[in-house]
Amino acid sequence: MTASDTVSTTQSVQVLARIGDRLQTPPATLLVVPQPDSIARTSPEITTTAALPALDTLRVVVTGLNVRHERVNVQGILVRYRITGVFGPSATTATTILTADGGIVVRPDSLFAVDTTDASGAAARTLVVAGSGVDSVVVFARARALNGARLTGDSVHFVLRVVPTPATP
């Protein structure tokens, strides 16, 4: 459900459904937010690491203009992350995954991940590289406006470079 907002900050409304005079659904809370118009990276575009497993948190923020034409962060927007490239002499997608926090792996083939922007307009997923032979991984993050239009800055890309540690004599 989308509608033009007339608020300067995020608000919420509750929606109920009713069938006849006896059956009512539990209330569902919907956010009323400004229309998002841009997505931007808030963590570095290129990160270099030497340790395996390599972890890199990929952070973005989604913003829009409120009714006073002030730039504000927008809550409740889906951000889709996708690993688009795994490079190196023996690189395979089996050695790279996207997780919520670098910890629990929900699926062994997690090349895609989705997050919803929080109250600060931020979303994040953690890229984990667990196998040797990978020298870089490219991830794109995308979000859409409430009407499905592309946001300014779409698609944000991240590169994680894995530099092997030199052998100690």
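1. Order of elements. Read along the sequence, the protein runs β-β-β-β-β-β-β-β-β-β-β-β-β-β. That is 14 strands and zero helices. The model is a predicted one, and the points below should be read with that in mind.

2. Overall figures. The protein has 169 residues, and 36% of them count as buried. Its accessible surface comes to about 9,900 Å², with 56% of that belonging to carbon and sulfur atoms. Take the contacts between residues at least 6 apart in sequence: 67% of these join residues at least 24 apart.

3. The five-stranded sheet. Which order do the strands of this open sheet take? The order is β6-β14-β13-β9-β11, and the pairing is mixed. The edges are held by β6 (46-49) and β11 (112-116); each has a single partner strand, so one side of each lacks a neighbour in the sheet. On average, neighbouring strands here are turned by 20° against each other, direction ignored.

4. The β9-β11 pair. Strand β9 covers residues 78-87 and pairs with β11 in the antiparallel sense, over five bridges. For a specific place to look, take R82: its bridge partner in β11 is F112.

5. T49 belongs to strand β6. Is T49 buried or exposed? T49 counts as buried because its relative accessibility is 18%, and the cut-off for buried is under 20%. Leaving aside neighbours within four places in sequence, T49 is in contact with A54, L160, R161, V162 and V163.

6. A nonpolar surface patch. V13, V15 and L30 form a nonpolar patch on the surface, and together they have about 190 Å² of accessible area. L30 sits in strand β4, residues 28-32. With a relative accessible area of 31%, L30 is partly exposed; membership of a patch requires over 30%.

7. In one of them, the side chains of R71 and D37 meet at 2.7 Å, N to O. This pair links distant parts of the chain: R71 is in strand β8 (residues 71-73) and D37 is in strand β5 (residues 36-41), 34 residues apart. Both partners are partly exposed: R71 has a relative accessible area of 47%, and D37 has 25%.

8. Further pairs. R41 forms a salt bridge with E45, and the closest N and O atoms of the two are 3.8 Å apart. The cut-off for such a bridge is within 4 Å, so this pair qualifies. R41 counts as partly exposed at 32% relative accessibility, and E45 counts as partly exposed at 31%. Another salt bridge joins E70 and R68, with 3.3 Å between the closest N and O atoms.

9. A network. Which residues are linked in a network of salt bridges? They are R142, R144, R150 and D154. When viewing the structure, display these four side chains together.

Note on methods: Residues numbered from 1 in each chain as written. Predicted model: local features only at pLDDT ≥ 70, side-chain atom pairs only at ≥ 80, totals over all residues. Heavy atoms only, no water. Pairing = 2+ DSSP bridges. Helix = DSSP H or I, 4+ residues; strand = E, 2+ residues; numbered from the N terminus. Axes fitted to C-alpha atoms, helices over the stretch in contact; angles between N-to-C directions. Buried < 20%, exposed > 50% of the residue type's maximum accessible area, 1.4 Å probe, protein only. Contact = heavy atoms within 4.5 Å. Areas by Shrake-Rupley, 256 points an atom, 1.4 Å probe, with all protein chains shown as cover. Patch = residues over 30% accessible without salt bridge, like charges linked within 9 Å, V, L, I, M, F, W, Y side chains within 5 Å.
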